[in-house]
Amino acid sequence: MKAGRRPDKAFPSQPESKRLEVVATLFPALTRAINQAATFETAIEATLALVCRHAGWLVGESWLLSADKSSLELSSLVISPVGGNEALEEFRASTLTRHLLLNQSLPGRAWRTRALVWVMDVSTLPPEEYVRTEVARRAGLRSALAVPVQSGEEVVAVLVFYHGELRPEETWLTEVFLAVATQLGALLERKQAEVELQRHVAQVEGLAKISRALAEAGLDSHNVLETVVRYTAEFVGDCCFLSLLSADGQRLRPVAFHHPNPEARAFLQAASLPPAAVATSVARQVIQASEPILIPVVDQAAFYVTLSPVYQTYMERYGIHSVLIVGLRTREGVIGTLAVTRDTPGQPYTPTDQAFLQSLADHAALALTNSRLYGVEREQRELLQAYGSRLAEAEEAERRRLAQEIHDRLGQNLTALSIDLNLIKSLLRHKEEHLLQIYSRLDDSLALVEQTIEQMRTIVHELRPAVLDDYGLAPALRWHAQQFSERSSIPVQVWVETPTTRLPAAAETALFRIAQEALTNVAKHARARRVTVTLESTPTGARLCVTDDGVGFDPADLAGRKSGQSGWGLLIMHERAESVGGNLQIQATTNKGTAIIVEVNQ
């Protein structure tokens with residue numbers, strides 16, 4: 001309903017020439033100003049000034065919908081140069097601090113009815129209909145009109161103009177103001193489309209940048225977490241928190257955060273952010289129902305009481321005015337949350353921000369899953385390596401114990417037997433005519449004892465060569481090569497570059513056992529004519545190489561065989577090398593020999 005309206009004939013209308021002049025001068029100027037405006041707000045301010053100048057209105061106001069869409073806030077107020085006086089300045093001052101409810105005063109009525117409101121005389125309106133009646137009367141303001149500006153189906157602004165004379169509603173002038181509002185609405189839609197396009201492009205570029213950053217972060221979980229929160233804070237803002245769900249699914253533990261403000265970041269680093277029970281957490285529905293939480297405008301008092309003391313202090317110092325939380329989703333379910341908060345009012349998160357953050361969180365969840373799998377695999381590999389090392393140590397300890405037992409018990413017994421037999425022989429020497437047969441038996445027994453003693457010594461050396469413990473790897477390799485050549489008739493040449501310091505005992509043992517296994521394989525399979533064993537120093541440790549000129553093999557054939565069919569010796573050599581942090585390579589070609597190369601660190 002248009003308040004204060006009277007028939008046009010009671011007031012003289014504008015001459016036709018004046019109407020044409022207003023239209024001819026106003027619309028080209030408006031078109032230029034609107035097209036050149038950088039923002040919707042600057043376009044509105046230019047519109048107010050042009051309408052006041054060309055149409056003869058004294059004051060122009062623009063009221064925009066607040067961020068929480070609960071009220072109208074003054075955006076601009078323009079006073080025509082021809083109407084400037086102290087009373088108008090008083091009117092300006094009374095307006096600048098106002099917020100109007102959506103059903104209050106002229107702007108509220110235009111917003112609610114979505115129609116132009118024309119008032120013949122605002123100075124006659126009661127205070128419940130117009131809150132500035134007295135100050136408007138003192139300023140000499142009479143007629144007023146309010147026109148809504150729509151973008152799509154939503155009223156986003158209301159323009160209000162005041163005249164110093166009583167003016168009836170004129171159809172042509174109404175059409176002028178509605179056309180102005182239409183142009184502004186079209187501008188806003190165009191600006192919003194441009195902003196949305198720019199945002200979409202920025203988000204696509206942001207996702208690509210984050211994907212590259214996650215790739216560069218590798219599989220280290222700490223790097224992945226820091227990359228996610230840093231780039232999320234940069235592209236979505238302002239503060240970002242990443243929390244992971246506990247193994248029992250009952251608690252959310254903050255594991256990474258970022259804030260562009262160093263002071264806020266330092267506060268969070270020193271705060272030791274506590275875990276939160278899912279059942280009472282703000283993010284409960286994200287975990288339990290995989291539903292994002294979007295709070296465009298935070299109710300400060302109500303939200304404050306839901307926070308733990310640390311976050312309450314953060315809110316007091318740095319502000320939380322908008323909140324967005326999404327889940328870190330995997331095939332197995334939600335493993336945590338990615339949350340952002342806005343420090344200052346006026347820039348609430350939107351559904352578009354929510355969709356972008358969810359895309360980012362899905363990238364992060366995949367990277368974290370890969371990192372976790374890598375971490376589990378690495379732990380298992382390290383555990384297997386530790387088990388292998390312990391097994392090798394236990395094996396060597398058992399060999400040492402057996403060697404000692406054989407030496408202490410069997411050796412002593414055989415030595416005693418040898419002494420006894422020699423003593424018997426000496427006692428019976430004077431009765432040769434009766435005991436020739438006994439002499440023969442005793443000689444055989446002595447030979448057997450000597451052979452047993454020699455075999456025992458060989459076994460002891462095989463189990464744990466004393467030369468390895470006493471003199472080190474190089475002499476042990478020479479000794480074993482000589483023993484191997486005597487048994488197999490295959491010549492072995494040993495080249496040794498004696499290191500300045502001895503390797504750790506475990507590394508020496510591993511290299512010696514690998515050389516033993518390699519020579520055993522030569523004797524069994526290679527049909528070689530000669531073997532070379534090389535030990536040389538490297539900047540970080542030592543390298544052992546066992547090469548032969550035998551028949552060799554195709555490594556591809558070995559890889560294709562099923563486990564258990566063959567290749568156990570090679571597998572054992574690999575495990576021995578890995579147990580001491582070494583690396584073993586096998587170079588082999590059919591009919592061109594084989595080389596076993598192993599490197600270990602000091």
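Student: Is Asp-549 buried, partly exposed or exposed, by relative accessibility?

Tutor: Asp-549 counts as partly exposed because its relative accessibility is 27%; buried means under 20% relative accessible area, exposed over 50%, and partly exposed in between, with a 1.4 Å probe and protein chains only. The model is predicted, so local features need pLDDT of at least 70 and side-chain atom pairs count only at pLDDT 80 or more, while totals for chains, interfaces and linings use all residues. Residues are numbered from 1 along each chain as its sequence is written, and side-chain values use heavy atoms, with hydrogens and water left out.

Asp-549 forms a salt bridge with Arg-530 at 3.3 Å, N to O. This pair links distant parts of the chain, 19 residues apart: Asp-549 is in the loop between β15 (541-548) and α17 (555-560), and Arg-530 in the loop between α16 (505-526) and β14 (531-537). Helices (H or I, at least four residues) and strands (E, at least two) are DSSP runs, numbered from the N terminus. A salt bridge here is a side-chain nitrogen of Lys or Arg within 4 Å of a carboxyl oxygen of Asp or Glu, and by this rule the count comes to twelve.

Another salt bridge joins Glu-536 and Arg-543, whose closest N and O atoms are 2.8 Å apart. Glu-536 is partly exposed at 28% relative accessible area, and Arg-543 is partly exposed at 25%. Salt bridges with shared partners also join Arg-529, Arg-530 and Asp-549 into one network.
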